[in-house]
Amino acid sequence: MQFEGTPEIENAIRAVLADTLGLSRERVDTFRPETPLFGSLPELDSMAVAGVLTELEDRLGILIEDDEVSGEMLETFGALTTFAANKALT
Amino acid sequence: MVAALPLFEESNRTRHLVVTILRDLAARGIAGVLPDLPGTGDSHVATAATRLSAMRDAYAALVGQLGRHPVYALGIRSGALIDAASPLAGRWHLSPMTGAEVIAALLRLRAAAGERINREAVLASPAPVTFAGNVVAPDMLAELEAASSIRSAPRHRVVTLSSPPAYAPAKAGGQAGHPPSREHTDRSIAAFPPWRAAEPGHDPELAALLADDIAAWIARCEA
């Protein structure tokens, strides 16, 4: 599902991944919806996941419950964007 | 100035920032100490055996030994919990956490690792609980659950650091993020908090900004 405002959310997620995982802006700009994240990005271990999610909460003004945290929501860049957009835009 | 790093993983992520702040302060004539509290660094106490109360006692003992000069606390994140039992000239806290927030962060580590566990189970556990490699004793968890940084102390400055919001949704009745848990903030700085970074980079400008804030505040306290 695509909501109005999704490009801003996508951009915020790119910035959070760059800042928390120490990735270059050029690298995160290449991420597409199908780009795999958790399990494929060595920088994104479970310790890093917690930082990514908490930083997303702050920047997007959302609350993520621990029981919503799953491998699926982090599987791809598109899955994470959809999850965050659902939180921030609906 | 006696500095206290945060507990657990955030200590690794903030050590460089704190050391750089202390060096900047030294250049301004303010001496600093960064002790290895029980269960951290080169301490003889095993990490899994440490308690917040033991860390507070050790911190207070150090402050007592430094008594010739006014001693100020530099507490970052959960490090702000550690100076509560010490007779200090003042406390400077950066984005302080309550003990309950520390436990929430530990629970999130478990959730991120696919090993979700709820707060009640953690606090009822008779055995140590492991959070992403951190083994935490039941007594430590119980002490944390009840802990907060000192309240209504004189000369207590709270500075917070957070990334500016990236998106301000125009939602009707929307609840925006976490409600602030602290009573007061003297200064809010918009910058990416290094304790969120898996491999924090070096940010000498941020360290200098914070050292300036501390030095100016101590000068006002001593005036």
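Trainee: Is B:Gly32 buried, partly exposed or exposed?
Mentor: This is a predicted model, to begin with. B:Gly32 has a relative accessible area of 40%. Buried needs under 20% and exposed needs over 50%, so this glycine counts as partly exposed.

Trainee: Where in chain B is B:Gly32?
Mentor: In the loop between α1 (9-27) and α2 (52-65) of chain B.

Trainee: And what is B:Gly32 in contact with, leaving aside its neighbours within four places in sequence?
Mentor: B:Met1 and B:Leu22.

Trainee: How far is B:Gly32 from B:Ala100 in space?
Mentor: 29 Å, C-alpha to C-alpha. In sequence they are 68 residues apart.

Trainee: Switching to chain A. Where does A:Thr6 sit?
Mentor: In helix α1 of chain A, residues 6-21.

Trainee: Why does A:Thr6 count as buried?
Mentor: Because its relative accessibility is 4%, and the cut-off for buried is under 20%.

Trainee: What does A:Thr6 touch, not counting residues up to four places away in sequence?
Mentor: A:Thr81, A:Ala85 and A:Leu89.

Trainee: Aromatics next. How many aromatic pairs over all chains?
Mentor: Two. In one of them, the ring centres of B:Tyr72 and B:Trp217 are 5.3 Å apart. Their planes are at 75°, so the pair is edge-to-face.

Trainee: Which parts of the chain does that pair link?
Mentor: Distant ones. B:Tyr72 is in strand β2 (residues 72-76) and B:Trp217 is in helix α6 (residues 204-222), both of chain B. They are 145 residues apart.

Trainee: Are B:Tyr72 and B:Trp217 buried or exposed?
Mentor: Both are buried.

Trainee: Now helix α5 of chain B. Which of its residues are buried?
Mentor: B:Met140, B:Leu141 and B:Leu144, in a helix that runs over residues 138-146. They cover an arc of only 100° around the axis, so they lie on the same side of α5(B).

Trainee: What do those buried residues pack against?
Mentor: α2, α3 (99-112), α4 (119-124), β4 (129-131) and β5 (134-136) of chain B.

Trainee: How do the lining residues divide into nonpolar, polar and charged?
Mentor: 17 nonpolar, eight polar and two charged.

Technical notes:
Residues numbered from 1 in each chain as written. Chains lettered and ligands numbered in written order. Predicted model: local features only at pLDDT ≥ 70, side-chain atom pairs only at ≥ 80, totals over all residues. Heavy atoms only, no water. Helix = DSSP H or I, 4+ residues; strand = E, 2+ residues; numbered from the N terminus. Buried < 20%, exposed > 50% of the residue type's maximum accessible area, 1.4 Å probe, protein only. Contact = heavy atoms within 4.5 Å. Phe/Tyr/Trp six-rings, centres within 6.5 Å; stacked < 30°, edge-to-face > 60°. Arc of directions from axis to C-beta. Nonpolar A, V, L, I, M, F, W, Y, C, P; charged D, E, K, R; others polar.
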